[in-house]
Amino acid sequence: MSQVNRLSQGGRIDRSHTVKFTFNGKSYEGYVGDTLASALLANGIDVVNRSFKYSRPRGIVAAGAEEPNAVVQLGASEAAQVPNVRATQQGLYEGLTARSTNGWPNVQRDLMGMVGKLSGTFMPPGFYYKTFMAPASLWMTYEKYIRKSAGLGRSPTEPDPDSYDHINQHCDVLIVGAGPAGLSAALTAARSGARVILCDEQEEMGGSLLDSRELIDDAPAVQWVDRVLNELGGMQTVTLLPRTTANGYHDHNFVTLHERRTEHLADSAPTVGSRRQVRSRLHRVRAKQVVLATGAHERPLVYANNDVPGNLIAGAVSAYIRRYGVVPGRKLVLSATNDHAYRAALDWHEAGREVVAIVDARDNPRGDLVDKAQSLGIRIITQSAVIEAKGADRVSGARVARIDAKLFKVAGKVEELACDTIASSGGYSPVIHLASHTGSRPTWRDDILGFVPGEVKGLTPAGGAHGVYPLNDVIRDGADVGTRVARAVGIDTAADASALPQVAARQDGQACALYQVPHEKQTMRAPKQFVDLQNDVTAAGIELATREGFESIEHVKRYTAMGFGTDQGKLGNINGMAIAARCLKRSIPEVGTTVFRPNYTPVTFGAIVGRHCRELFDPERYTALHQWHVEHGAEFEDVGQWKRPWYFPRTVNGKKESMHEAVARECLAVRERVGILDASTLGKIDIQGPDAREFLGRVYTNKWAKLAPGRVRYGLMCKDDGMLMDDGTTSCLGENHFLMTTTTGGAAGVLEWLELWHQTEWPDLQVYFNSVTDHWATMTVTGPDARKLLAEVTDIDLDKEQFKFMDWREGTVAGVPARVFRISFTGELAFEINVQANYAMHVWKTLFDHGEKYDLTPYGTETMHVLRAEKGLIIVGQDTDGSVTPEDLGMQWAIGYDKPFSWIGKRALSRSDTRRTDRKQFVGLKPKDPKVVLEEGAQIVFDPKQSIPMVMVGHVTSSYYSPSLGHGFALAVVRGGHERMGETVYLPMVDGTVHEAEIVSPVFVDPKGERQHV
Amino acid sequence: MSDVREFNTRPSGSPGAESPLAWSFQRQGTPPREARPGVTLREKAFLGHLILRGGAIVLDEAVRETLGLALPARPNALVQDAAGERSIQWLAPDEWLVIVPGGEEFTLESQLRQVLGQAHCSIVNVSGGQTVLTLRGENARDVLMKSTPYDVHPQAFPVGKGVSTVFAKASVVLRRPAEDTWELVIRRSFADYCYRWLLDAAAEYGVIVER
């Protein structure tokens, strides 16, 4: 029984291309041009899912984004799994594999059905809160099973092989929706010369025209669609984006579009030649004007058992027949409140199947389509509605009765009509989701029985999106809006009525208001009348919620879950509000709407992440010497975005050194011979101008007035709160010329800080700052043999009297112009060689050519940390945390309180709090046990025997094993530490042990500083 | 301005130089040749890059005299000599980027300082810190759209425009020196990231790297 419901002709499918696909493990056939939904209906599949809460069988209801039931898990392989795909929006391709999302272990018989029965058939709103929340500790257990059996889809457990990306778009006009209004607006705007983007979520553009029975220019409407698309496609200023959903409307007309580029072709993006295609793409559109041409969603009527498979919305019936050549049943009953819905019966009849009756809620329907139905001899039952569907896995009949909508009661005898399909239409709701994303509240209009978008700057609705429904009006409205938005972006253009296509005006009668259909029994006792099929919200549930005191529609939503999750209330929200309004005896506008939120339909994480993943997740910044480090086996450490060598493990006797071994060897090499560090990542800022020196004096705590050209000075920089923010050396290159260095991580922040103060506070100072971090490569040669090594490759006089500690000189190193700075972060004799980065590798390699006889040892950041800590030299951000003043660090020598200008932070350092003597102060810690290396971050107490919670008086900021000293040592901040030298402190650890340490000077090696002066 | 220390960082001999992309070319290699690549990349390495900061009027006189080019006064404007070898680009109200053939930058800096005399300005050589990458091909603009939020439509980004902007998660100077050519001025330390990003983003169009 293949494709039992497929018509032999008609529709926009390609019958010459058969496609095989699998649903819930069974194979079926469809055609190219089908959606998964149309192919399932063609094959007579009634049950596509189990419902979320009650586990009832569910079938396909709609033909577009509003489909609540046919939500599937897609993907043949584990890596290709995609959850929560609407079958109505998924193009069919060869090999497509889909499963029902709900209903574990399977859709026919499942666990939740049992739960439903055990707990009775009555699961009120708040069921999960009431039933499963206690005891709270077990919720985690319940949740796992509830999600598995009733939850939504699952994510893949294997890496996704596809690539995704983002693209930035700019345009004058973004038009969302390529139905009659969108096409008409696009054409008018594009013809005026505006840059236009037209996007549409469906497999092909055309919207309602794809299943319309109306004529444009005396020809089928799709011919006009083709003509318009042809013209738009030929324009340089127009971008057409089919299969692209506008998901989110953000502030300032920033709209995100989700384009599915290859989802209709295969599980994974195909390769064209050797070129792998991008699977989906997120367009980040910045539009001057947005046109909302999203049309309207049909509202189903809310009657008893309206969720049994075989209940569809009327428009979907027409769409399946006219677009896909599929009649989803044999005998139809249509329950309607308006003329437009009659299309379903006419299309059904023309497809050669039986229309049992049209049940119209109006007294005296009149209009062209009503006349047509009458002339075909179709039975029309007026002032009535389907009050209940019969059947279990498929509709078997419709109970029809005369109703009184105003009194909300059944007013006549019930007649049961045998049928297998019930189509219903309670009117149309403009698709206003995007406008609501901005926070704008929609407005109710009684004349169209629907909400229209509220005012949003830069957004104009067109056509059905604001309740304009007759086709000729829609096309004219689209053209008017196209002209208006073109003028809004500054294009001088006028409406041209003669350019509009000819559409015969159709006479439609007035629709009537009907949402929930009354039943003979009260709502609470009647069979379930579903409002939100995806979240299993019933009319009784809403009634109960209002009875339990939830009066705000936002509270009703949260209590019942109406319009939650991926559904976002497309089919059910207005009906739900109408029911709440009835129960609360208010009008619909008084009840108001809930807020629709992005995303309109689910977006894959791939599209959200784009290209920002794996090795492109974050920039990796490399120095000019990176290749050498890689080739010499360096382990790397992330410092900001930089990759810095951490240590260089050697392989000794076939065994690779541990980090501890490598660092010990590197430390000793520097203390005893000579080591070399790539220090290129330090921030460097070139400062020029007659007021450069004055400026330095204002941003540093110490004095700069007398620093002579050729000299270097260490400086501390505070924020205005007096807390240390950065440190580094600054060299005087010329009277008006300085080179500032910053910490690696602080470089960009310091430059911004300097610019901020210059531009906002001291614009009168003549000074400019420029980053030269990347221009210079810096290599630190340090250790007792540093001078001997450098002398072999430089023309600079390295004599200790000529080139003193804290001097800088220029000359060449290895034939390359270089500035060499005698500054030391290790406490040893040290030269920092700066050369233009393009020549750094040559200089570095030349140093190694000459360095062999001195055992020149490359070292990384870990050794650098140990060596500087042995000297008590701080690292900003490790030994400080934004709450440490220069005085806390014991650096009074670097503070110029008597400088003439009040430098940044000076005032804060005179506050009573910063003057306290019991502030946490920077000290050294020597563990009593020489084998102990304290934990960084460990808390310090004075009395280990006090009761918990103990009074914590400080913490360890840096801690290492010192190969030179042969014991562990640490830097720390301790309350009043400067006055507590020699005292013992205690460090209680998580495992119960308590370490003892003595407070000592933070300078552990060479306290007099003789080694760096040699 | 003798109070500023001039320093020629380019060696007179010819020790091996490595451009910011040397390691990327070595590690990543270049993509295989394609008959009809949608995007073609090429590095213009070892050029002279100077950042000029100061008042527009004095700098304009100085660059006219030394370089024979007018200082672009309009924001985001780019001027070049006839051969396209020397260019000046507006970066900020008091900041311009000058790019000249490699080796000319120090002479130009000295000449500029002489002409400028005691006028307050700054001239900074950043030749080692950045490199130029050109993008050509029918999909060059698509790749840029994937990478930068700036509007690169020909209507919004005509020839002779240049901007500082975001590029993926880095920042670049983006300019359009000719109808079919885009240039990215990228910082040395971000060069590898930008290169890998470009190859990845251009893969669907076919990409080659000219060396």
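Two residues are in contact if their C-beta atoms, placed from the backbone, lie within 7 Å. Keep that cut-off handy for these exercises, which all use a predicted model.

**Exercise 1. Work out which strands stand at the edges of the open five-stranded sheet in chain A.**

Step 1: Write down the order. In chain A it runs β39-β40-β41-β38-β42, and the pairing is antiparallel.

Step 2: Look at the two ends. β39 (712–718) and β42 (768–771) of chain A each have a single partner strand, so one side of each has no neighbour in the sheet.

Step 3: Zoom in on one pair. Strands β40 (residues 724–734) and β41 (residues 737–742) of chain A are joined in the antiparallel sense over four bridges. Here G734(A) sits opposite H737(A) in β41(A).

Step 4: See what packs on the sheet. Helix α19 (residues 692–699) of chain A touches β38 (683–688), β39, β40 and β41 of chain A, and its direction makes about 30° with that of β41(A).

**Exercise 2. Is Q878(A) buried, exposed or partly exposed?**

Step 1: Locate Q878(A). Look in the loop between α23 (861–870) and α24 (912–915) of chain A.

Step 2: Count its surroundings. Q878(A) has 14 other C-beta atoms within 10 Å. Buried needs 20 or more and exposed needs 12 or fewer, so Q878(A) comes out partly exposed.

Step 3: List its contacts. Setting aside neighbours within four places in sequence, Q878(A) touches T957(A) and S958(A).

Step 4: L867(A) is eleven residues away along the chain, and its C-alpha atom is 15 Å from that of Q878(A).

**Exercise 3. How is chain A built overall, in helices and strands?**

Step 1: Tally the elements: 24 helices and 53 strands in chain A.

Step 2: Box up the C-alpha atoms of chain A. Along the principal axes, the box is roughly 115 × 70 × 60 Å.

Step 3: Check burial. Of the 1014 residues in chain A, 54% are buried.

Terms used. Residues are numbered from 1 along each chain as its sequence is written. Chains are lettered from A and ligands numbered from 1 in the order in which they are written. This is a predicted model: local features need pLDDT of at least 70, side-chain atom pairs count only at pLDDT 80 or more; totals for chains, interfaces and linings use all residues. Two strands pair if DSSP finds at least two bridges between them. Helices (H or I, at least four residues) and strands (E, at least two) are DSSP runs, numbered from the N terminus. Axes are lines fitted to C-alpha atoms, for helices over the stretch in contact, and angles run from 0 to 180 degrees between N-to-C directions.
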